[in-house]
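Here is a short report for a first look at this model. Start with the sequence and structure, then read on.

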2 protein chains.
Amino acid sequence: MIRGKDGSIIPKVVIERLPRYYRYFDWLEDQMEKVSSKKLGELMGSSASQVRLDLSYFGDFGQQGYGYNVTKLKKELARILGIDRQTNFIIVGAGNIGKALVRYDAFFDAGFTLKGIFDIKPSLIGKKINGVTVYHIDDVKSFIKKENIEIAIIAVPKQVANDVAKLLVEGGIKGILNFAPLDLDLPSDFPVENIHIIDKLLALSFIVRHREDE
Amino acid sequence: MIRGKDGSIIPKVVIERLPRYYRYFDWLEDQMEKVSSKKLGELMGSSASQVRLDLSYFGDFGQQGYGYNVTKLKKELARILGIDRQTNFIIVGAGNIGKALVRYDAFFDAGFTLKGIFDIKPSLIGKKINGVTVYHIDDVKSFIKKENIEIAIIAVPKQVANDVAKLLVEGGIKGILNFAPLDLDLPSDFPVENIHIIDKLLALSFIVRHREDE
DNA sequence: TAGATTGTTAATCGATTAACAATC
DNA sequence: TAGATTGTTAATCGATTAACAATC
């Protein structure tokens, strides 16, 4: 349960929309100096009311008769989202997805620093991928503590994903981004976000096959 | 707008939950013969009411006093989701994410067949990645028609993502799974699902930093 | 038959949108 | 000043949960 500005509870849907607001303000930065909730709503395909209510959970950023200053709001959102500070993370699993993520350079711009990769395959341990060392999974608990790791990305086969999650939680990890195609067995209030690629693709193909011309 | 069993409109949230139901029935298959909505709700962390209402959009699959037959429901969901038939798709962009997806073997089990990869880099064209040929993006429109491609995965830099989307739609693609970190400029009713990795990670780290012990 | 459990309708809850006083 | 637009509260909408008759 997360509270905003004046102690009101921020709905999870609002939090999950925040990065999208940041993307729009980032894009707006070299388009215009100010933007109204009406204009932004049109751009984002949402209502002006939603824009104002969403932003109001975090502060009073606008000005009557003017709107929101784009540069200011981008800075505010960067601060709110922690983009302006460094967040240490690790990737567990150096398979296809794991390796692609190691090379994914968008993490850096969002303030995330990849401190290590973990796997179990002997031939990989000690190697570097894109300048980041691969360690043995047995060392992950001490590494989390020593290197002050906040977040872990799980990119291992589903058969071992829960074993990995258990190790991470024991090591003191604060949040997990899970790419394994299952729901991890974690305490119900533990921060976890899932990226289920096949789920998304199945929902998409269902929609494609069933949609009527509306 | 998609209609179910008796012509009632199926909410999008329900459609997006379907693959998750399939995953649970797939797992249940070698655990038990039947499952009640109560039991399944406990497993999935949802209510028995939601399980029953969700499934009821697609048919009357249960039996009073018994519950749902696991094997039967898995088959029904496979049919509903189109897992039992082949869906042709392509990947556009042979960068880090694109290459990882080419090697991702979970597509096959969900009925998806990768027919081609598209890029613009001359050194890649004609090469094979994991047995699949890389073609030039200029050929994508004719390829979609000739090879009967339904879905495209966009895994290109955000600067060119909308150009790619335009080509795909002109070529007759039916749905897009977008990995580029922006919202594509498409007709509002065009089937698209987004996987915004950085958005997920930012929301997660916000939650990690702000959650109170509730 | 009695107990269990469905599918569906009604009640509740939470999120979105509309309205509007405040004010730049 | 007059017009524009905010932040917030009230009204509406849609999704979830509870209740229950039907029936295996």
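## Polar contacts with DNA strand D

In this predicted model, a polar side-chain atom of Arg52(A) lies 2.8 Å from a base nitrogen of DNA strand D. Tyr68(A) has a polar side-chain atom 2.6 Å from a phosphate oxygen of DNA strand D. In the side chain of Ser49(B), an N or O atom is 2.6 Å from a base nitrogen of DNA strand D.

## The surface near DNA strand D

H3 of chain A and helix H3 (48-56) of chain B are the elements that give two or more residues to this surface. Helices are DSSP runs of H or I with at least four residues, numbered from the N terminus. H3(B) gives the largest share, four residues.

In total, 24 residues surround DNA strand D; near means a heavy atom within 4 Å. Lys5(A) and Ser37(A) are among the closest. The surface divides into five nonpolar, 14 polar and five charged residues. Ala, Val, Leu, Ile, Met, Phe, Trp, Tyr, Cys and Pro count as nonpolar, Asp, Glu, Lys and Arg as charged, and the others, Gly among them, as polar. Of the DNA strand D atoms within 4 Å of the protein, 57% belong to sugar or phosphate and the rest to bases.

## How the model was read

Residues are numbered from 1 along each chain as its sequence is written, and chains are lettered from A and ligands numbered from 1 in the order in which they are written. Local features need pLDDT of at least 70, side-chain atom pairs count only at pLDDT 80 or more, totals for chains, interfaces and linings use all residues, and side-chain values use heavy atoms, with hydrogens and water left out.

Technical notes. A polar contact is a pair of N or O atoms within 3.5 Å; within protein, one must be able to donate a hydrogen and the other to accept it, and residues adjacent in sequence count only if both atoms are side-chain atoms.
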